[in-house]
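Please open the model in a viewer and keep the selection panel at hand.

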Amino acid sequence: MPTNVTYEYENAEKEYLSASSFPDKIKCLQKMLTAVPKHKGTENLRNDIKRRISKYKSLVEREKKLSKSGGRGLSIKKDGAARIILIGITNSGKSTLLKNITNAKPEIAEYDFTTKKPEIGTLDYDGIILQVIEIPAITKNYLEKEKGPAYMGIVRDSDLIVIVSRDKKDVDLVKKELDDAGIKFNGIVLNSEDVKAKEKIWKKLRLVYVYTKSPGKDKDYPPIALRKKSNVRDLASKVHRDFIKKFDYARVWGNGAKFDGQRVGLGHILKEKDIVELHLK
Ligand SMILES: Nc1nc2c(ncn2[C@@H]2O[C@H](COP(=O)(O)OP(=O)(O)OP(=O)(O)O)[C@@H](O)[C@H]2O)c(=O)[nH]1
Ligand SMILES: [Mg+2]
């Protein structure tokens, strides 16, 4: 990049880097292009921007075609409290991790590109169901592969990205491909043999789970997942849409209670594993 680029160019580039959809990327690239003065010294830069514009344009076209054909059966129904996607280069241990933490039985083998379609598993975290998906290995220029855009669509639609890696060197390639697809990596990197994988995933999801109970009875199973810092109102509205209107008070046992059976209102913040008795009017 030339050192004497304008303020306008820098701004457009910043926007470009943080843009999360292909059409937005194209718009920013066009702004960048108009902000570059036209002379011999900027020819390479201008050509590079033009190349990127045409690349994103073809990706937009491909996404359109894919969505018209129903994503060629690639739209996967969401299930559970969150969707976790396992990505990585080939042989990085994605299927091994999927098998270790879910009920799925994917093929695991030493040869490259064993997994040829998304593999879906269910992770049971203390009764909370999480959907875990492995997509076929990330390669260089993933978006230019036939199903690349569709697979990246599944990644974009997930709550947590887990990069599975045996060697830290692969992580940069994966991050670069995410970046090209306009996906910001805010997830975690795990080794397939990590015995704490489930806990690390749960922690990164920023969820907590709580139990409900009826007066005089034991806690209900399964528990209910809530976002961290949720209060009794969030729980009540999840249990039943009428519960907020009919709510009288709640009693709480656990870390979020000062003492067992503390009487609280809708604004009371709940903590992991709290047991909550909702009393209605
Ligand atoms: N040394 C080592 N081997 C591993 C690790 N994870 C998996 N393997 C082995 O590496 C091979 C590939 O593992 P998979 O789990 O199938 O890898 P994958 O990422 O799903 O691979 P593809 O689906 O082919 O892209 C198998 O022989 C595994 O036993 C790891 O963390 N360390
Ligand atoms: Mg695999």
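The model is a predicted one. Within helix 7 (residues 197-205), select I201, W202 and L205, which are buried. These residues span an arc of only 95 degrees around the axis, and therefore lie on the same side of helix 7. Finally, step to R206, which follows helix 7 and has a positive phi near 55 degrees.

**Helix 6**

Move to helix 6 (residues 168-180) and select V174, E177, L178 and D180, which are buried. Why do the buried residues of helix 6 line one face? Viewed down the helix axis, they fall within an arc of 165 degrees, so one face of helix 6 holds them. To see what lies over these residues, display strand 1 (83-87) and strand 4 (160-164), which are included in their cover. Then turn to the face directed away from the buried side, where K168, K169, D172 and D179 are exposed. Just after helix 6, select G182, whose phi is positive at about 75 degrees.

Five strands form an open sheet in the order 7-6-10-8-9, with mixed pairing. Strand 7 (224-227) and strand 9 (262-264) stand at the edges with a single partner strand each, so one side of each has no neighbour in the sheet. From one strand to the next, the twist averages 40 degrees. In general, strands of a sheet pair through backbone hydrogen bonds, either parallel or antiparallel.

Which residue of strand 7 is the bridge partner of V208? Select L226 to find that partner.

**Backbone details in the loops**

- Y221 and P222: a cis peptide bond joins them, with omega of about -5 degrees. P222 is placed in the loop between strand 6 and strand 7.
- N91: this residue is not a glycine, yet its phi is positive, at about 65 degrees. N91 lies in the loop between strand 1 and helix 4 (94-101). With 18 other C-beta atoms within 10 Å, N91 is partly exposed.
- K229: this residue, also other than glycine, has a positive phi near 70 degrees. K229 is found in the loop between strand 7 and helix 8 (232-239). K229 is exposed, with 11 other C-beta atoms within 10 Å.

**The whole chain**

To conclude, zoom out and colour by domain. The domain assignment gives domain 1 (7-68), domain 2 (72-205) and domain 3 (207-280). How many Å separate the centres of domain 1 and domain 3? Taken over C-alpha atoms, these centres are 49 Å apart.

Note on methods: Residues are numbered from 1 along each chain as its sequence is written. Chains are lettered from A and ligands numbered from 1 in the order in which they are written. This is a predicted model: local features need pLDDT of at least 70, side-chain atom pairs count only at pLDDT 80 or more; totals for chains, interfaces and linings use all residues. A residue is buried if 20 or more other C-beta atoms lie within 10 Å of its own, exposed if 12 or fewer, and partly exposed in between; C-beta atoms are placed from the backbone. Helices (H or I, at least four residues) and strands (E, at least two) are DSSP runs, numbered from the N terminus. The arc is that of the directions from the helix axis to the C-beta atoms. Two residues are in contact if their C-beta atoms, placed from the backbone, lie within 7 Å. Two strands pair if DSSP finds at least two bridges between them. Axes are lines fitted to C-alpha atoms, for helices over the stretch in contact, and angles run from 0 to 180 degrees between N-to-C directions. Domain bounds come from an automatic or database domain assignment.
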